[in-house]
Amino acid sequence: MATYYIGANDEHGQNPFTAGKRSPVMPYLNVPFYENQFNRPTKIKFLEACLRNGFAVYDVKPELTDTAISTRVARINRQNLTLLVTYGYNAFGSGNNFNSAQGISTFYSTRNIRATQSRALAEDVYEQLLQGTGQQGRGVSSLTDVGVLESVNCVSILIEPGFMTNFNEAKLMRDPDFQTEVAEETCKGVCVYLGQNYLPRGNLANYPTLRNGSQSNFVYLLQYMLTQNGYNISVDGSFGPNTLNAVTAFQTANGLTADGIVGANTWRTLLVLPPQPTIRQGSRGTYVRYLQEKLTSKLYPLGNIDGIFGNATRTAVVEFQNENGLTPDGIVGPITWQAITQIGGGRPMP
């Protein structure tokens with residue numbers, strides 16, 4: 001594979017949340033969903049998809065703050081990127097009330113020095129997003145006065161896969177599976193644009209066994225995913241002692257054999273792939289965090305998303321089971337997982 005250098009950017013911030021960039025107050029939870037609660041995790045999942053597919057990657061805005069556009073443009077233009085993808089989420093009206101505006105759009109700028117190529121990328125990504133997400137299509141459009149589209153020296157697009165002011169699409173902002181779907185379809189579109197084969201995320205045969213001494217793009221991917229799980233290691237593509245310690249700690253925290261070897265079970269857990277384990281009060285780990293993210297997206301309050309199955313998480317599970325015709329035992333087994341892993345849905349507008 002030729003060396004392609006892919007940049008990814010997320011609009012707005014979380015620390016603090018960018019004022020005004022949020023949904024109306026979500027019922028049941030009594031808080032809004034903020035735009036960067038979609039943009040940032042989706043960007044991270046896109047970068048992971050690019051690493052899996054053999055690309056070099058650059059995170060334009062690794063910090064949680066809402067970094068100035070001029071700063072981000074300067075960073076981008078120093079990198080000599082092949083292309084840049086920016087994630088946003090749309091809104092319509094005052095932002096104080098839900099409305100019927102909906103659908104997915106991709107954008108480019110006619111002022112970009114590679115406007116023709118930018119439009120081609122926007123079209124390729126749009127087609128993949130339409131096929132993969134099931135969202136209504138709003139088309140490919142041009143924008144002006146958007147610095148990360150027009151003031152950069154590389155092919156550049158912006159993706160807005162829904163409306164914060166649409167009740168059902170606002171819930172999708174926090175759905176980890178919708179975030180993953182958008183990220184993966186974006187990567188598919190990038191592969192189409194670059195004429196490269198796409199390696200599916202869910203096929204464990206695509207992931208090599210890694211151990212101390214390994215060096216590859218998949219080590220970059222492993223290290224990047226471990227940093228997203230809170231482990232402070234360098235992302236350098238070299239599996240050394242620090243990576244080994246992080247892998248062993250991750251395996252221990254998730255009830256895996258703590259041998260420091262990254263095989264199918266460790267990859268499955270990092271990716272949070274099925275089959276999901278049965279979990280209950282007292283369980284911990286990545287599958288618990290995933291459960292909490294899914295329950296939040298479906299508007300079941302549970303407090304902090306911390307990977308710890310405590311009283312509040314159990315209460316949310318029981319409420320979900322009661323409202324979905326399941327045995328309300330607070331245990332998340334195959335039947336409850338089947339219901340909760342669906343993208344979208346959740347509690348209706350009261």
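**Burial, strand pairing and cysteine geometry in a predicted chain**

T82 is partly exposed, with a relative accessible area of 26%, where buried denotes under 20% relative accessible area, exposed over 50%, and partly exposed the range in between, all with a 1.4 Å probe and protein chains only. The structure is a predicted model in which local features need pLDDT of at least 70 and side-chain atom pairs count only at pLDDT 80 or more, whereas totals for chains, interfaces and linings use all residues. Residues are numbered from 1 along each chain as its sequence is written, and side-chain values use heavy atoms, with hydrogens and water left out.

T82 is placed in the loop between α2 (69-79) and β3, helices (H or I, at least four residues) and strands (E, at least two) being DSSP runs numbered from the N terminus. Once neighbours within four places in sequence are set aside, the contacts of T82 (heavy atoms within 4.5 Å) are with Y4, Y5, I6, C154, V155 and L194. The C-alpha atoms of T82 and T313, which are 231 residues apart along the chain, are separated by 43 Å. T86, by contrast, belongs to strand β3 and counts as buried because its relative accessibility is 0%. Residues up to four places away in sequence not being counted, T86 touches N9, E11, V148, I157, L158 and I159.

For the chain as a whole, the secondary structure comes to twelve helices and six strands. The radius of gyration of the chain is 20 Å, which agrees with the value near 20 Å that a compact globule of 350 residues would have; this radius is taken over C-alpha atoms, and the globule rule is 2.2 Å times the number of residues to the power 0.38. Along its principal axes, the C-alpha trace spans about 60 × 55 × 35 Å. Among contacts between residues at least 6 apart in sequence, 68% join residues at least 24 apart.

The six strands form an open sheet of mixed pairing, in the order β2-β1-β3-β6-β4-β5, where two strands are taken to pair if DSSP finds at least two bridges between them. Since β2 (56-59) and β5 (137-142) stand at the edges with a single partner strand each, one side of each is left without a neighbour in the sheet. Neighbouring strands of this sheet are turned by 20° against each other on average, direction ignored; axes are lines fitted to C-alpha atoms, for helices over the stretch in contact, and angles run from 0 to 180 degrees between N-to-C directions.

Within this sheet, β3 (residues 83-87) and β6 (residues 155-160) run parallel and are joined by five bridges. L84 has S156 as its bridge partner in β6, while V85 stands opposite I157 of that strand. Strand β4 (residues 104-108) pairs with β6 in the antiparallel sense over three bridges, and T106 has I159 as its bridge partner in β6. Six of the six residues of β6 are buried, so this strand is largely enclosed by the rest of the structure.

Four bridges join β1 to β2, the two running parallel, and the bridge partner of G7 in β2 is Y58. Helix α1 (residues 36-52) lies across β1 (5-10), β2 and β3, and runs at about 170° to β1.

A search of the whole structure for disulfides, defined as pairs of cysteine sulfur atoms within 2.5 Å, finds zero. The sulfur of C50 has its closest cysteine sulfur, that of C187, at 4.4 Å, which is too far for a bond. C187 is likewise in no disulfide, the nearest cysteine sulfur being that of C191, 4.3 Å away. C50 is buried, with a relative accessible area of 0%, and C187 also counts as buried at 0% relative accessibility.
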